[in-house]
Amino acid sequence: MASVLGLSFFYHDSAAALVQSGQIVAAAAEERFCRAKHTNEFPKEAIEYCLEVGGFNSINELDAIVFYEKPVVKLQRIVESLVAVWPRGLPAFSRTLPQYLGAKFNVFRHIERNLPGYHGEILFADHHMSHAASAFYCSGFDEAAILTMDGVGEWDTTTIGVGRGKAIELQRSIRFPHSIGLLYSALTGYMGFHVNDGEWKVMGLAPYGEPMLTEPFRKLVDLKSDGSFRLNMDYFVHHYHGSWMAHTERWQELFGMPPRSPGSELTQVHRDLARSGQVVVEEMILNLAREAKRSSGCDDLVIAGGVGLNVVANGKIEQEQIFKNVWIQPASGDDGGALGAALAVSQSVFEDDRCAEMTDVCLGPEFADDEIAGVLEGNEIPFTAHDVAGLAEVVSEEIAAGKVIGWFQGRMEFGPRALGARSILADAAHPEMKAILNDKVKYREDFRPFASAVPIENAHEYFDVAAGTSMPFMLKVTDVRPEMRDKIPAVTHVDGSSRIQTVTKEGNSKLHDLLLAVGRRTGIPVLINTSFNVRGEPIVCTPKDALECFFNSGIDVLVMGNCVITEKPSGLAEQSRGHAESDAVEAQMASSATTGDAVPLQSQHFKLAATSEIVPTVPDEVLQSPAFGSAKEIQKKVLRFYKELPFNYYSNSVDMAIELMRGNRIKEYGAVHKHLKSLRGGTLIDVGCGAGWFVNSTAHYYDVSTTGLDLNPVVLKQTRAIARLMPGCEDSKFVEGSVFEFKPEHKFDVVNSLGVLHSTPDCHGAIRTVLDWIAPDGYFHLGLYHLYGRRPFLQHFADMQTQGSTEQELYDEYKRLNPTVSDETHMLSWFRDQVLHPHETQHTYEEIETLLSSEGFVVESTSINDFKAMPSRDTLIRMEKECEEISKKAIYREGRYYPGFFSVWARRAR
């Protein structure tokens, strides 16, 4: 029973998927976390998510990591293809080969470099086998014909095969440069749309045109009677240019029109070209389906690969009844390749049981109602909470009133379709709703159609399907019944068709209840269901993402879990601004369309921090103390601040684990390092462990049992994720709570607290509390902001604020003083902690030494004299006062940050 992690990256739609004992546990695209649509980057955050859901303490609990294709074979194809057209291939050869050899070829090393704690198997699956496995193993069929179609894998662009039991055999293939996917990409680019994203637009535009250019389009491809085909390479450049483009001059001669510039007017000839191209592509796909039926003799067909998302062609296969059943992998693109690779290895290498039939694709992160409520309360956003029945009634009333709903429920979907977990919903009967959504919410072209969601028991009443027909993944187009087209105009396309999603009570009870409630109010239980995002932005993943999209678009009501939000800050969702931002993002995306580069982040004009209000307890004696009467308010403020962006926080756990494993930072604290080396089998607790650099470094570099304590659940999540990636951290414990509420089960040999207790409402009280946790002859390592060393730094930024500097200007100055910090998230977290801190106290060595001495501790070393032999107390006091001049010199003369921080290493005396 194996645990297999599948990965896809380097090209587009990077993703990770986890399969355990043959069953799908988690899957997510990296774009949802990093917010860069179709990103090709290593899926660090998707991996982190999968490991968390899988319950791993260490990444080495995985049995294998598998990449979704074979780089060596792909390199062979690139070299052979470019050499075959020499010298035309020379520019692409000189441009592509160094890039490929630099990273993409050595995937093994790339995985090792990004997951340095992993020592297990790294395997490789064939690209089209990954697609085939993602479809067949998820379909629930014991036997089925297999059809995979995309741009290109290693060599193959199309395969036909058969699956029986656990075995998959790909029997026939069409090889590069002949490709349906690349043909459609060339058409997409020629139409002025973004390749690998704008194909939906070509499909949506096609019904507005006539097949007037079908015959010229047929000159691009030679169709054979056995389903095979060959592109006329005189009209393409992808075999020597290295990008998925048409030969524009020859296409212009063929069609009598120049390539359309992105954003320019769409004329009738553009509509006709879209229709003609779609007609020919449908013919190619139908021919392949017929051949798959002939060669396999199977009654059922499964489809995967990016071309499998051509929903119109999928509908035609069903309408012609070539097969009894057609099952299409909802994540048919490269993201689904990660899942297929994991399933293929699970079946063929580890011989696990087959996975259950995929009946839904909600395999991503989810957020409980109390988490959602905490985010809303922490950001002072008004909301109402409802039980299940009440929620359906309240939301259906809003829909009946013409409102647009942001719908955020349960686990996020895997694949490009929103299916009722991260959806925008609206009334399908509203005659203007399509225009409203395109113009005020999605900021996209007015011809773009919307899909429909309908209870499965009502689908045959509105659509041309048999009663009980299941179409849960929104992957097929069917006709709207003629008598119903005027009743659901918002989901009826210009040709009378609709892409539909049938919803069951078992599959999605909340959406099903809502559809029935809408039906009771309006008489029509059909809704528009479109993805919860605006153009150029990935589908939302977190409550924070959902709130930002809600605030920055024309969505009227946001429903997250059982919480309903109707108010948004004034001045937001300005229509012209929304279109301008979406246009700008799409233009930037288009610039990377032919290179496969990652696309940029969308800039939002309203940013929100994901916070919550879980306030830990503080002892009554602290709360009642006159000096700390506002202790609870301070703690609440501090917790909210650090939940927004935890201190010392990296953008993902992978980067931080790599950073920590490059070198042992604890060596900077000489006395600590020396003691930990001799403390084999000992115990340590890191108080306020934050992002976990100290506690995880201790477990990794020393044979010491570690515990991390922090009151911030957000940062503890990353700390645990880092521990999974660092060998030696498998048994580390992480506890959520404050210093005042934590009750240890045993004494510790070392208590560490660096830069935390000065943010508590009672620093001295916190110090005395943790001292009680230290075993006889145990040690306390304490770090605090220093009164003298910190003062010039604080004054510098206070002066800037007095002079009217903005927060951005303060941040720019802080970056100038810290040129060595490269991670932007890390930099921002340091800036917020050290410049915008919500609460902070400063301390002196004299003060802390006095306190420790009164509690029976002896200071053996301090950073004030670089942890050298201890001088007299008076000498140390004189040295610490000199820190103020050192700090001034650093900031004003040398232009560098001086931390204004000191630490002491103290032993409990017998």
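Biologist: Is the crossing of H30 and H31 left-handed or right-handed?

Modeller: This is a predicted model, and in it the crossing of H30 and H31 is right-handed. The contact is made by Glu 807, Leu 810, Tyr 811, Tyr 814 and Lys 815 on the H30 side, and by Glu 824, Met 827, Leu 828, Trp 830, Phe 831 and Gln 834 on the H31 side.

Biologist: At roughly what angle do the axes of H30 and H31 cross?

Modeller: Angles of 65 to 115 degrees count as roughly perpendicular. Here the two axes come within 10 Å and cross at roughly 110 degrees, which makes H30 roughly perpendicular to H31.

Biologist: Which residues of helix H30 are buried, and why do they line one face of the helix?

Modeller: Buried means under 20% relative accessible area. In H30, which spans residues 807-817, the buried residues are Leu 810, Tyr 811, Glu 813, Tyr 814 and Leu 817. Seen down the axis of H30, they fall within an arc of 160 degrees, so they line one face. Their cover includes helix H29 (787-802), helix H31 (824-834) and helix H33 (873-893).

Biologist: Turning to the strands, in what order do the nine strands of the open sheet lie?

Modeller: The order is E13-E21-E20-E14-E15-E19-E16-E18-E17, with mixed pairing, and the edge strands, E13 (384-385) and E17 (477-479), each pair on one side only. Within this sheet, E14 (residues 405-408) and E20 (residues 557-560) run parallel and are joined by four bridges, with Val 559 of E20 as the bridge partner of Trp 407. Helix H20 (residues 543-551) lies across E14, E20 and strand E21 (563-565), running at about 170 degrees to E20.

How values were computed: Residues numbered from 1 in each chain as written. Predicted model: local features only at pLDDT ≥ 70, side-chain atom pairs only at ≥ 80, totals over all residues. Heavy atoms only, no water. Pairing = 2+ DSSP bridges. Helix = DSSP H or I, 4+ residues; strand = E, 2+ residues; numbered from the N terminus. Contact = heavy atoms within 4.5 Å. Axes fitted to C-alpha atoms, helices over the stretch in contact; angles between N-to-C directions. Buried < 20%, exposed > 50% of the residue type's maximum accessible area, 1.4 Å probe, protein only. Arc of directions from axis to C-beta. Parallel < 35°, antiparallel > 145°, perpendicular 65-115°, else oblique. Left-handed = near helix turned anticlockwise from the far one by under 90°.
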